[in-house]
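Please keep the structure open beside the text as you read.

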Amino acid sequence: KRTCRTVKKMKDLAYRYYFDGWGCGQCIIKAADTKYALGLNGELIKAVSAAGNGFGYSGLCAAPAAVILLFGYMFDENTAKRLRIMFLNEFNMKYGSFNCCALQRTEGCENIIMYAADTADRMISAELRNQL
């Protein structure tokens, strides 16, 4: 009997990690590590914890920052830059801000995390298919 293994979506994984107590950016990195079997040793997840709460001064939201770091980890420099621009444009079109406090007030962290993870997942999957 054959069984089909369902690959979780990054947004579902990130949502679960968020409610397990991980920070916004950490959820994104952990979700990608789990879905794409990146084999991270935990150092990148640990490092991105410093980006929480808008880098500690209510500035840049850690979720998009983590996505950008993830692109840099997974792809060559030119690809990562192209994906970064695409991601930031989509994120800005949806929310109109990258500011942690402004986003928290209007959306809530879990929505931002799920959107960032889902958008990153879509872009990563497409890029990996294109590289085949």
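## Cysteines without bonds

The sulfur of cysteine 61 has its closest cysteine sulfur in cysteine 100, 5.7 Å away, which is too far for a bond. This is a predicted model, and a search of the whole structure finds zero disulfides.

| Residue | Relative accessible area | State |
|---|---|---|
| Threonine 79 | 9% | buried |
| Serine 125 | 18% | buried |
| Alanine 37 | 65% | exposed |

## Helix α2 and the residue after it

Cysteine 24 also brings us to α2, as one of the buried residues of that helix. The helix has 13 residues and reaches 19 Å from its first C-alpha to its last, close to the 18 Å expected at 1.5 Å a residue. Of those 13 residues, 11 are buried, so α2 is largely enclosed by the rest of the structure. What covers the buried residues of α2 includes α1, α3, α5 and α8.

Which residue follows α2? That place goes to alanine 37, whose phi is positive, near 50°. Most residues other than glycine have a negative phi. Alanine 37 is therefore worth a look in the viewer: it has its positive phi in a residue other than glycine, its place is in the loop between α2 and α3, and it is exposed, with a relative accessible area of 65%.

## Helix α6, from end to end

Now turn to α6, residues 77-95. It has 19 residues and spans 26 Å from first C-alpha to last, close to the 27 Å expected at 1.5 Å a residue. At its start, a side-chain oxygen of aspartate 76 reaches to within 3.1 Å of the backbone nitrogen of asparagine 78. At the other end, α6 is followed by glycine 96, whose phi is positive, near 70°.

Which residues of α6 are buried? They are Thr79, Ala80, Leu83, Phe87, Phe91 and Tyr95. Seen down the axis of α6, these buried residues fall within an arc of 100°, so they line one face of the helix. An α-helix has 3.6 residues a turn, so residues three or four places apart point the same way. The face of α6 turned away from its buried side carries the exposed residues Asn78 and Met93. What covers the buried side includes α5 (62-74), α7 (100-106) and α8 (109-130).

Threonine 79 sits in α6 and is buried at 9% relative accessible area. Leaving out residues up to four places away in sequence, threonine 79 touches Glu127 and Gln131.

The largest nonpolar core has 38 residues, and Met10, Ile28, Phe71 and Ile124 touch the most other members. Helices α1 (10-19), α2 (24-36), α3 (43-48), α5, α6 and α8 each supply at least two residues of this core. The largest share, nine residues, comes from α8.

What does phenylalanine 71 touch? Beyond residues up to four places away in sequence, its partners are Ala80, Leu83, Arg84, Phe87, Ala120, Met123 and Ile124.

Methionine 74, in helix α5, also touches Ile124, along with Tyr36 and Leu38, not counting residues up to four places away in sequence. The C-alpha atoms of methionine 74 and cysteine 24 are separated by 19 Å, and the two residues lie 50 residues apart along the chain.

Serine 125, found in helix α8, is buried, with a relative accessible area of 18%. Its side chain makes a polar contact of 2.8 Å with the side chain of tyrosine 36. Apart from neighbours within four places in sequence, serine 125 is in contact with Lys35 and Tyr36.

Definitions and conventions:
Residues are numbered from 1 along each chain as its sequence is written. This is a predicted model: local features need pLDDT of at least 70, side-chain atom pairs count only at pLDDT 80 or more; totals for chains, interfaces and linings use all residues. Side-chain values use heavy atoms; hydrogens and water are left out. Helices (H or I, at least four residues) and strands (E, at least two) are DSSP runs, numbered from the N terminus. The expected span of a helix is 1.5 Å times one less than its number of residues. Buried means under 20% relative accessible area, exposed over 50%, partly exposed in between (1.4 Å probe, protein chains only). The arc is that of the directions from the helix axis to the C-beta atoms. Contact means heavy atoms within 4.5 Å. A polar contact is a pair of N or O atoms within 3.5 Å; within protein, one must be able to donate a hydrogen and the other to accept it, and residues adjacent in sequence count only if both atoms are side-chain atoms. A nonpolar core is a set of buried Ala, Val, Leu, Ile, Met, Phe, Trp, Tyr and Cys residues joined through side-chain atoms within 4.5 Å. A disulfide is a pair of cysteine sulfur atoms within 2.5 Å.
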